[in-house]
Amino acid sequence: MSVDLHRLTLAEAKKGLAAREFRAVELTEASIAQMECHRALNAFITETPEQALAMAKAADERIAKGEAGPLEGIPIAVKDLFCTKGIRTTAASNILGNFVPPYESTVTKKLWEAGAVCLGKTSLDQFGMGSANLNSAFGLVKSPWTRPSDAKPLVPGGSSGGSAVAVAARMCLAATGTDTGGSIRQPAAYTGITGIKPTYGRCSRFGIIAYASSLDQAGAFARNVRDSAILLQAMAGHDPNDSTSADLPVPDFTAGIGKSLKGLKIGIPKEYRVEGLSPEIDRLWQQGADWLRAQGAEVKEVSLPHSRYALATYYIIAPAEVSSNLARYDGMRYGLRVEGRNLTETYEKSRGAGFGDEAKRRIMIGTYVLSAGYYDAYYVKAQKVRRILVNNFRKVFEEVDAVLAPTTPTPAFRIGEEPDDPVAMYLNDVFTVTANLTGLPGMSVPAGLSSDGLPLGLQIMGKPWDEPTVLQIGAALEEAAQFNTLPYGIEARA
Amino acid sequence: MSWTIEGNTGTWEIVVGLEVHAQVSSQAKLFSGAATAYGAEPNTQVSPVDAGMPGMLPVVNAYCVEQAVRTGLGLKAEINKVSVFERKNYFYPDLPQGYQISQYQHPIVGKGELILDMPDGSQRPIGITRLHLEQDAGKSIHDQGHDTTLIDLNRSGVALMEIVSEPDIRDPEEAVLYMRKLRSILRYLGTCDGNMEEGSLRCDANVSVRKPGQPFGTRCEIKNVNSMRFVARAIEYEARRQVDILESGGVIEQETRLFDSVKGETRSMRSKEEAHDYRYFPDPDLLPLELPDDFVEKIRASLPELPDEKRARFMAEYGLSSYDAGVLVAERETSEYYEEAARHGDPKQAANWIITELFGRLNKAGMDITQSPISAANLGKLLGLIKDGTLSGRLAKDVFTIMFDTGDAPDKIVEERGMKQVTDTGAIEAIVDKLIADNPGQVATVQKNPKVAGWFTGQVMKATGGKANPGVVNEIVAKKLGI
């Protein structure tokens, strides 16, 4: 029995635990075994098996007493950007050294209170900066997928690559991520799983190491839409410790799952048919529209006229905030410190050794766009474009309830075949950054395979605070797509 | 008031604007719940937010916002319903976040005014440019030896109000008057304790010089002018330094200078080229601060009577001179003391007793009004005893001394020590009759020249140990001698 436990969906595992078909300890052991089995993928920076088993044991006791929380005994992985009390938290960067937070992030606190079991901390692009998980100080992360034609390793996407891999390779039932420009949706698409970024302000950012504060939002990875909804439910809610967290009631995220799409209007933004969009992804997008239509939705073309400015806007605002958010890593109070002959040299050496290339690049871009003489031309202008993008969506949402788009312009690429030009790399985020700039909820659902056998995702973007509709449409796509392909290294379920 | 420097090339005037940092009186910091106790052990008043730990977020303290609005109203300033917290970015070990959260383009308080009470009784308005909220940095301690610098983060994140004046000040002494008046208003409002020794009130001065009628000259910012005593000295030194440079053909470099209170001079800290580019931008962790409609009105309704209004009222209601009223309203505690004392006796007399007798005693003893051994009620009672004729002026001073030394009530002292003024005409008449009988020569003299009748009065006072009522004695003496 326990051999197969790691293949259960979160909803199935909940049911099995409640029915006492197996214990949380057995479920956790199955996950730990998978983590060992797939260690070569390098999904985790820090594994916490002892702690996981202790938590699972406590979960079993609560289940026995009838005091089970909504995630009681469910083994999950946590992106290593969430501070976890007593567990090293790295942001996949050397600058934090062996930093062990004396506090717990609000989101993970809620998860542990709901009964979830912590398997460990997953890898990412440093501080969340990257789209391929090649920027981790703890080594690159490999996707469990390869093209059927060869065994060459592929990138899992980023920045939450470790969490995506942990879910896709069945090492955990679900995982947390953060999404600043697509860091949940893009790796979910690359690894054939679901990923949702809720509305900005839905989950507290307290205790999440900041990348770009006005864009960062926590979200959920799972193997299907319902599981994503269940995990997100436990993460969401107002937090007085985060001034940008919304003091709104959290709706039932699973409420719309399985419901007919009759009466829903879904927009296809014509401006998303960008140069460089692979024809097969374009075809999948059409297919997705047809599936939704077949389930009763009205699908119509809409216009988001300023979409093409979104990527450039993102790559001004995000680095600007980075340059300030990362200033606290100065070698003075915690983390890495490399002594110099004087203060300036200590700063330079510590930060020089502590940050990776991409973090440095974005710190420099951000410092530049905020500096005297350039601030108005870059930062202020980018904020104005951001406002226009919000207005674009506001207008579209007068006509439709949600928007359907591809998640990425291409499927995952091979490690080593990434573009040399960082700007070309940034193009990966072309479809995802808009939801961050506008704060809207967005979700990626696996919808098909590319001609070379790799998963492709479709993205649903919804109205502010309307995650239930996003999840309802996601579930409809999932139902129609019947995406059952497992990564080729993972054996099919009996 | 006009203060000038006579140089070799003519007369120079100075132009000064002040930037005052006033620590908000608040139990907790501006963006964290950590305490703000002064003098606590280093690094004991620090939350993870104040230490700039990863993932920590600021949450604005509504009480500090209220205090800033209260101060703005006290300075008769515009209150901005929407203001924005921005990040001022620079690296320093005592700045844990790598930026200070401050307000830049959109401060919470806009233009206002502060009235200086000049020594000649006139008034002079100084414009207030703005007031904004910001967090303090920690403290670097360099002098502990071992070639190390220690950091104390207790102050990190403490709420400050930066209050910026217009360049309206033209005299070093005006700067002192400005500081005193500002402190007085802050203390009335209860928004800052005004304690310069503990760093609750700090002052930077922007100083330039020019020939009268000319445009503003290049200014230098003088940092660290942290006592009333040094404000005028630092400004005067800096003005003379600038005049010397200009008159010897040099130009003033815009720079930041530090006042050295030991040497009494200013020295360069950093030039314009070395000035930081602070890269201000709105703090994405904090939404724009929007004040609800009734927020400002509620605070306005709760404002105390402020020094300017109180002074006007004291002059109108109690007939005090502008100077006396100004002295009595400078501290709220003094004004309250005065009004309590004045309820029992003559208001003008009360003012005199407080300003000359009580302040003299308190000064000598190194005490302030709140520590006075003589309560306002007791001083009032003393005034009452003078008014009803129980005590003569001289006796009252003796009683006052005993009151100051013992803290006892005046009626108790009078009772116990038999210091009551004798108004019993029978007893006084007997003494006068005896004096007339014993001193025929003096009687003749006084009858010739009634102006010297005081000799008899003096003798009666002597005989009664000062307890006789001088008015009554005069009357009886005049009657008996027929003058």
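This note goes through the predicted model point by point, from chain A to chain B.

1. **Ground rules.** Residues are numbered from 1 along each chain as its sequence is written, and chains are lettered from A, ligands numbered from 1, in the order in which they are written. Since the model is predicted, local features need pLDDT of at least 70 and side-chain atom pairs count only at pLDDT 80 or more, while totals for chains, interfaces and linings use all residues.

2. **Chain A overall.** Chain A has 15 helices and 11 strands. Helices (H or I, at least four residues) and strands (E, at least two) are DSSP runs, numbered from the N terminus. The radius of gyration of chain A is 21 Å, close to the 23 Å from the globule rule for 494 residues, so chain A is as compact as a globular protein of that length. That radius is taken over C-alpha atoms, and the rule is 2.2 Å times the number of residues to the power 0.38. The C-alpha atoms fill a box of roughly 65 × 50 × 50 Å along the principal axes.

3. **Burial and contacts in chain A.** Of its 494 residues, 60% count as buried. Buried means that 20 or more other C-beta atoms lie within 10 Å of the residue's own; exposed means 12 or fewer, and partly exposed is in between, with C-beta atoms placed from the backbone. Among contacts in chain A with a separation of 6 or more, 77% join residues 24 or more positions apart. A contact needs C-beta atoms, placed from the backbone, within 7 Å.

4. **The sheet of chain A.** An open sheet of 11 strands runs in the order S1-S3-S2-S4-S6-S5-S10-S11-S9-S7-S8 (chain A), with mixed pairing. Two strands pair if DSSP finds at least two bridges between them. Strand S1 (44-47) and strand S8 (298-302) of chain A are the edge strands, each pairing on one side only. The twist averages 30° from one strand to the next. Inside this order, strand S4 (residues 174-179) and strand S6 (residues 217-222) of chain A pair in the antiparallel sense over 6 bridges. A:Thr176 stands opposite A:Ala220 in S6(A).

5. **Helices on that sheet.** Helix H2 (residues 24-37) of chain A packs on the sheet and touches S1, strand S2 (75-79) and strand S3 (117-122) of chain A. The direction of H2 makes about 20° with that of S3(A). Helix H5 (residues 161-168) of chain A lies across S1, S2, S3, S4 and S6 of chain A, at about 155° to S4(A). Axes are lines fitted to C-alpha atoms, for helices over the stretch in contact, and angles run from 0 to 180 degrees between N-to-C directions.

6. **A helix pair.** The axes of helix H7 (residues 225-235) and helix H15 (residues 467-481) of chain A come within 9 Å and cross at roughly 155°. That makes H7(A) roughly antiparallel to H15(A). The cut-offs are under 35 degrees for roughly parallel, over 145 for roughly antiparallel and 65 to 115 for roughly perpendicular; the rest are oblique. A:Val225, A:Arg226 and A:Ala229 of H7(A) meet A:Leu471, A:Gly474, A:Ala475 and A:Glu478 of H15(A). By class, this contact has 4 nonpolar, 1 polar and 2 charged residues. Ala, Val, Leu, Ile, Met, Phe, Trp, Tyr, Cys and Pro count as nonpolar, Asp, Glu, Lys and Arg as charged, and the others, Gly among them, as polar.

7. **Helix H4 of chain A.** Helix H4 (residues 106-113) is mostly covered, with 6 of its 8 residues buried. They are A:Thr106, A:Val107, A:Thr108, A:Lys110, A:Leu111 and A:Trp112. Their cover includes S2, S4, S6 and H7 of chain A. After H4(A) comes A:Gly115, with a positive phi near 105°.

8. **Where the chains meet.** The contact takes 33 residues from chain A and 23 residues from chain B. The chain B side divides into 14 nonpolar, 5 polar and 4 charged.

9. **Strand S10 of chain B.** In S10 (residues 159-165), 5 of 7 residues are buried. S10(B) pairs antiparallel with strand S2 (residues 10-23) of chain B over 5 bridges, and 7 bridges join S10(B) to strand S7 (residues 123-135) of chain B, also antiparallel. B:Met161 is the bridge partner of B:Ala22 and of B:Leu133.

Conventions
Contact = placed C-beta atoms within 7 Å.
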